[in-house]
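Student: Could we go through this structure and ask, for each label, what value and what cut-off stand behind it?

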Amino acid sequence: MVIKKFLALAIVLTAVASPLCAKLNLPVKKLGKESYYYYEVKKNETIYDISSKIGVSKEDIIKYNPSARNGVVKKQLLFLPVKDFDNTSKPVEKRVNVSTLNNGATHIVKSGESVYGIAKAYNITESELLDANPSLASGLSAGDQLLIPAKVINDASGSYIYHTIESGETLYGIARKYNTTIEKLIEMNPGIQGSTLRVDDVIRIVPNASHDIVLDKDIYQFTPYVVGKDETFETIARANGIDVQLLKNANPDMKKAKKGKTIYIPRKAVDKQVVSTSALTEKQLEETYKDKLDNIYADKHSPNRNNSFDISIILPFQLGMSNQTANAKNYEEFYNGFLLALDSVGSKITKPLNLNVYDTKHNLNVTDSLLKIEKLKSSDIIIAPSEPKQLERILNYGKANNIDVLNCFSIPNTDYINNSHVMQVNIPSPYLNACVNELLDTRFKDYVLVFLDDPEAENKDIYDEIKKHASETKHQSKTLTIATPLTGKSLSRYLEPGSSYLFIPANGKESLLNKYAAGLIEAKNTRVDCELLLLGHPEYTMYFKKHKEEMMSMDTYIYSRFYLPDNKGVKDVNSKYVATYGEKASNSTPNMSIFGFDVGMFLANAFINGTLPGSKESAYKGLQTNFDFERVNNWAGYINHSVRIIHLTPKKEILITDLND
């Protein structure tokens with residue numbers, strides 16, 4: 001019956017927290033499906049006598065038999081759950097030997113990762129990674145399995161090891177295996193949300209980090225009751241608000257209630273018990289923590305979040321200075337666009353949104369003084385500048401104070417690899433390269449890649465990476481060196497009838513574009529038996545005013561972190577900018593005022609919708625760029641995977657595709 005199951009569950013839960021002791025030398029009585037020790041009080045015995053006699057504390061006797069607090073009487077029965085006093089059924093607190101558990105971890109390489117990045121993520125040297133994986137000498141590819149050397153890492157986070165999630169493992173089982181806590185696992189791995197673990201993911205673990213916790217546990221207390229005239233189990237149960245079957249289970253030796261007889265009424269109670277997490281089984285850990293995970297995550301990773309949202313902008317505006325730089329002007333326009341975003345959603349914000357703005361004046365001493373302002377610690381997010389030293393200071397501050405830092409301006413910075421509070425807005429170059437390679441493997445998998453080398457300039461890294469990828473994947477390719485302007489006739493001899501070709505220039509320089517554009521257009525017009533396309537670099541978006549018609553004629557695909565379309569949304573923001581500030585924003589790439597507007601809209605929408613910036617739920621489509629963040633690993637920061645493909649077609653169209661859709 002339901003009541004029997006409920007009683008059994010309650011008694012099992014009680015077993016979690018009782019002190020360890022040997023089996024009691026007492027008779028056992030079955031109460032339903034559960035077993036209880038019982039003791040029959042002798043003449044003139046006190047609770048102190050009984051405590052000493054049976055080896056159970058006075059407090060434990062009273063816990064389950066509350067009437068004993070006021071004394072006991074002859075023939076009264078005192079009940080004690082067997083499971084609470086049988087140490088053979090209790091989990092034993094333990095410490096694990098790290099050396100026997102730490103066999104290293106297996107890391108599965110993802111697109112965009114490098115040897116440098118993987119070594120930095122695991123806080124080991126590149127040499128250590130290479131020594132453990134000799135196969136790296138022949139290159140690194142997505143899907144490769146790398147052994148992470150077994151060692152204890154010591155840094156500001158503490159001493160920890162790595163563990164690769166295996167099929168069937170749970171958060172609770174791992175905590176039990178390594179004698180650590182759920183709180184510590186979530187603290188060390190902000191990429192873990194909820195109880196779901198992804199097989200083959202790697203997590204950081206601090207072994208032997210158990211601690212005492214206070215648990216509210218359901219128990220049953222037994223109160224003696226003398227049956228009155230005309231009373232039955234049914235009337236007594238009803239009067240005491242308990243189920244009649246529960247009452248009968250507690251008095252199995254009595255078929256019916258008789259006047260003058262003593263019965264025992266079980267009443268549900270809550271007992272606060274101090275236990276070590278080390279002494280809990282996997283099941284008990286799950287029962288204790290399964291409804292608390294979200295709160296633990298918020299406490300560990302969003303401690304400042306309340307009914308308001310506090311944004312701090314720390315940028316070198318150099319306001320009031322006679323030598324304000326062009327870069328400082330860009331920051332000012334970014335901020336102006338940011339304010340326009342907040343103004344445009346003002347009516348949707350129903351809780352306080354506090355904006356604090358600080359000018360570092362491009363001076364490290366000023367930056368350091370700003371970071372000492374107590375109010376800054378209440379920030380939910382900080383927007384930082386690109387200047388390396390200032391950025392470094394602010395990223396370290398965010399990590400130390402549990403505050404996310406939005407890196408909107410620096411592409412080379414790699415702190416996102418092992419600082420969980422970094423939000424990298426511009427997709428890092430290795431991940432951008434991987435996106436372009438994936439595009440070649442899908443959209444252009446049947447095309448011959450024609451690499452256009454430039455003898456007058458250094459090749460771009462992405463160009464070299466594409467050539468390397470093409471070689472590794474055995475993609476058909478040719479290389480042409482453009483020393484002099486290309487002609488359609490000279491190009492035509494490389495083209496096979498019925499084939500498709502994608503031309504990839506070595507860099508985004510206008511000088512190289514000028515060398516091949518006319519020849520490629522001529523070949524495209526004369527060799528109608530072939531399909532000729534061009535893959536352009538991000539810099540090509542800056543040449544639209546002069547070369548847009550040529551790019552359309554060449555059927556050009558351009559990959560870029562940013563692209564600003566000529567649409568109503570952009571025009572509306574530009575008009576509002578002029579109306580608000582009395583001047584047009586600079587025509588930069590990216591457009592800083594629109595960039596500020598997009599960042600402001602992203603953060604404001606996350607706040608309005610009650611989502612954490614960086615979570616999948618906070619993804620936002622901007623005018624110039626999108627925001628779709630993902631953690632690099634379970635303890636790393638976020639990177640924005642936004643990459644736009646701008647297709648200039650021979651039909652005079654400009655089509656935009658977001659690769660992260």
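**Pocket and cavity**

Tutor: A volume of about 830 Å³ is found for the largest pocket. Its lining is made of 27 residues, and those closest to its centre are Leu564, Pro565, Asp566, Asn587 and Asn591. The model is a predicted one, in which local features need pLDDT of at least 70 and side-chain atom pairs pLDDT 80 or more, while totals for chains, interfaces and linings use all residues. Residues are numbered from 1 along each chain as its sequence is written, and side-chain values use heavy atoms, without hydrogens or water.

Student: What makes a space a pocket, and what makes it a cavity?

Tutor: Both are sets of points on a 1 Å grid over the protein atoms alone: in a cavity a 1.4 Å probe fits but cannot get out, whereas a pocket is open, with protein on both sides within 12 Å along at least five of seven lines, and lining residues have an atom within 4 Å of a point. Points are joined across faces, edges and corners, and the volume is the space filled by probe spheres set on them. The search of the whole structure gives 2 cavities of 30 Å³ or more, and the second largest cavity holds about 80 Å³.

Student: Which helix gives the most to the lining of the largest pocket, and how many of the lining residues are nonpolar?

Tutor: Helix α21 gives the most, with 5 residues, and α20 (544-553), α21 (568-581) and β26 (654-658) each supply at least two. By class the lining has 13 nonpolar, 9 polar and 5 charged residues, where Ala, Val, Leu, Ile, Met, Phe, Trp, Tyr, Cys and Pro count as nonpolar, Asp, Glu, Lys and Arg as charged, and the others, Gly among them, as polar. The lining of the second largest cavity has 5 nonpolar, 4 polar and 2 charged residues, and includes Tyr297, His301, Arg631 and Tyr638.

Student: Why are the buried residues of α12 said to lie on the same side?

Tutor: Helix α12 spans residues 293-301, and its buried residues are Leu293, Ile296, Tyr297 and His301. They cover an arc of only 105° around the axis, so they share one side of α12; the arc is that of the directions from the helix axis to the C-beta atoms. On the other side, Asp294, Asn295 and Asp299 are exposed. Helices (H or I, at least four residues) and strands (E, at least two) are DSSP runs numbered from the N terminus. The buried residues of α12 pack against elements that include α7 (171-177), α8 (182-188) and β23 (629-631).

Student: Why is Thr367 called buried?

Tutor: Thr367 belongs to helix α14 (residues 364-370) and has a relative accessible area of 0%. Buried means under 20%, exposed over 50% and partly exposed in between (1.4 Å probe, protein chains only), so Thr367 is buried. Beyond four places in sequence, Thr367 touches Thr360, Gln390, Arg393 and Ile394, contact meaning heavy atoms within 4.5 Å.

Student: How do you know that the side chains of Thr367 and Gln390 make a polar contact?

Tutor: Their distance is 3.4 Å. The term requires N or O atoms within 3.5 Å, within protein one able to donate a hydrogen and the other to accept it, and residues adjacent in sequence count only if both atoms are side-chain atoms.

Student: Is Asn419 buried or exposed, and where does it lie?

Tutor: Asn419 sits in the loop between β14 (404-407) and β15 (422-424), and its 3% relative accessibility makes it buried. Its side chain reaches the backbone oxygen of Leu395 at 3.3 Å.

Student: Is Lys75 buried or exposed?

Tutor: With 57% relative accessibility, Lys75 is exposed; this residue is in the loop between α3 and β3, and its phi is near 75°, a positive value in a residue other than glycine.

Student: What kind of peptide bond joins Thr589 and Pro590?

Tutor: The bond is cis, with omega about -5°, and Pro590 lies in the loop between α21 and α22 (592-609).
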